[in-house]
Amino acid sequence: MKKSVCMQIALCAAMLFAFSSCSQKNQELHVYSIIHEEETKALTDLFTKKTGIPVSYLRATTGELVNRVITEKDDPKADVLLGGATSYHIQAAKAGALEQYVSPNAQGIPEYARSSDGTYTGFCVLTLGIGINAGRFAQKYPGKAVPKTWDDLIDADFSGEIVMTNPVASSTAYLFVQNQLQRLGWDKGWEYLTALSQLVGQFPDSGSAPPKLIGTGEYALGIAYLHGLAKYRADGFDIQLVAPPQSVGDVDCIAIMKNAKNLEAAQKFVDFMLSAEAQELMSSIDFTVPVNPSAKGADGCIPLSEIDLISYDAKKASSQKDEVLAKWHEIVK
């Protein structure tokens, strides 16, 4: 009798273990994605193909998703934050919303793309530039030279013909604001931003909007990431790319949420995003520059060696964020 009872208990325990293991293997990874829909789907599909782990994701703007991560830190609704510039991940880390994890694939990745405490890691390089719709520019400004520097944009002739995103919602625009503050200094930087804001025709929330609006000819000029502009140019749109001197370079980062419900799957996804295979896939879609030294960037993306970058202080950008956005509200009504 005792032997039979023990065997039944052992069988039940084995079945429970098997069910638990199966459940773990079939757990769905939940991702908050700041990168574009096309890249998110391609990357998560490849991850599922390689690991068998299904993925669901929510695609939204940087500001919205970073606020969600911080608000939900005690009970996260997602496991991974995919994308977003360094300053936003620093903000989430300071709020205690990110898990520490150093991926084995982080070895060899440049120091500028890694946090010192392992709360986030960069997976591609981002640089800002000016996009020009060549046809509209020639029509509006016959004989006029295209802007080659950030200061060239401060031209009354361009009033209403410039598009840039809203820095409150978009990491792209906030990086641009910091570019000018760190390039020119606080006072002169705000003089520049005040003058430019009066020439901007539209402030959409999404960083992907300016390349599209320039490509379709709704505006002659726009401020955006160079890789976003290069993608639309490769798709056949009439876009000229300018990499102004004294620009800012940053990295798109990935992080795991504190108290993530699918921690093991989240760690595997970070490992995947730092691999050469994932970064080459992303570059082939959106022309970003990989941080993995073994990964090759797509033809058509501008290499960092051809871009004049200032020394960007991401920690300063993060610490100033509330003050900077409050001042932005003052000058842009």
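This report walks through the pockets, cavities, nonpolar core and salt bridges of a predicted model.

A few ground rules before the tour. Residues count from 1 along each chain as its sequence is written, and side-chain values use heavy atoms, with hydrogens and water left out. Because the model is predicted, local features need pLDDT of at least 70 and side-chain atom pairs count only at pLDDT 80 or more, while totals for chains, interfaces and linings use all residues.

**Pockets**

A pocket here is an open set of points on a 1 Å grid over the protein atoms alone, with protein on both sides within 12 Å along at least five of seven lines; lining residues have an atom within 4 Å of a point. Grid points are joined across faces, edges and corners, and the volume is the space filled by probe spheres set on them. Helices (H or I, at least four residues) and strands (E, at least two) are DSSP runs numbered from the N terminus.

The largest pocket comes out at about 640 Å³. It has 24 lining residues, and Thr86, Tyr112, Arg114, Tyr120 and Ala314 are the closest to its centre. Helix H4 (86–94), strand S10 (249–257) and helix H12 (314–319) are the elements that give two or more residues to that lining, with H4 giving the most, four residues. Sorted by class, the lining holds twelve nonpolar, six polar and six charged residues. For that sorting, Ala, Val, Leu, Ile, Met, Phe, Trp, Tyr, Cys and Pro count as nonpolar, Asp, Glu, Lys and Arg as charged, and the others, Gly among them, as polar.

The second largest pocket has about 420 Å³ of space and is lined by 31 residues, with Ile34, His36, Arg59, Gly207 and Ser208 nearest its centre. At least two lining residues each come from helix H6 (171–184), strand S8 (221–225), helix H9 (226–234) and helix H11 (276–286). H9 has the largest share, four residues. By class, this lining splits into eleven nonpolar, 13 polar and seven charged residues.

**Cavities**

The structure holds two of 30 Å³ or more. About 90 Å³ lies in the largest cavity, which has 13 lining residues, with Thr127, Leu226, His227, Val289 and Ile302 nearest its centre. S5 and H9 are the elements that give two or more residues to this lining. Its residues divide into eleven nonpolar, two polar and no charged.

The second largest cavity has a volume of about 50 Å³. Its lining includes Glu99, Tyr101, Tyr120 and Val270, and S10 supplies the largest share, three residues. By class, that lining has six nonpolar, three polar and one charged residues.

**The nonpolar core**

In soluble globular proteins, nonpolar side chains tend to be buried together. A nonpolar core here is a set of buried Ala, Val, Leu, Ile, Met, Phe, Trp, Tyr and Cys residues joined through side-chain atoms within 4.5 Å. Buried means under 20% relative accessible area, exposed over 50% and partly exposed in between (1.4 Å probe, protein chains only).

The largest core has 103 residues, and Leu29, Phe123, Phe176, Leu196 and Phe269 have the most contacts inside it. Strand S5 (residues 121–133) provides the largest share of this core, seven residues. Setting aside neighbours within four places in sequence, Phe269 is in contact (heavy atoms within 4.5 Å) with Leu29, Val31, Thr44, Phe47, Val80, Leu82 and Ile254.

**Salt bridges**

A salt bridge is a side-chain nitrogen of Lys or Arg within 4 Å of a carboxyl oxygen of Asp or Glu.

| Pair | Closest N and O atoms |
|---|---|
| Lys50 and Glu277 | 3.1 Å |
| Lys144 and Asp155 | 2.9 Å |

Glu277 counts as partly exposed because its relative accessibility is 40%.

Lys144 is partly exposed too, at 28% relative accessibility. Both Asp157 and Lys144 lie in the loop between H5 and S6, so their bridge ties together parts 13 residues apart in sequence. Asp157 has a relative accessible area of 44%, which means partly exposed. Elsewhere, salt bridges that share partners join Glu38, Glu39 and Lys231 into one network.

Key
On a 1 Å grid over the protein atoms alone, a cavity is a set of points where a 1.4 Å probe fits but cannot get out, and a pocket is an open set with protein on both sides within 12 Å along at least five of seven lines; lining residues have an atom within 4 Å of a point.
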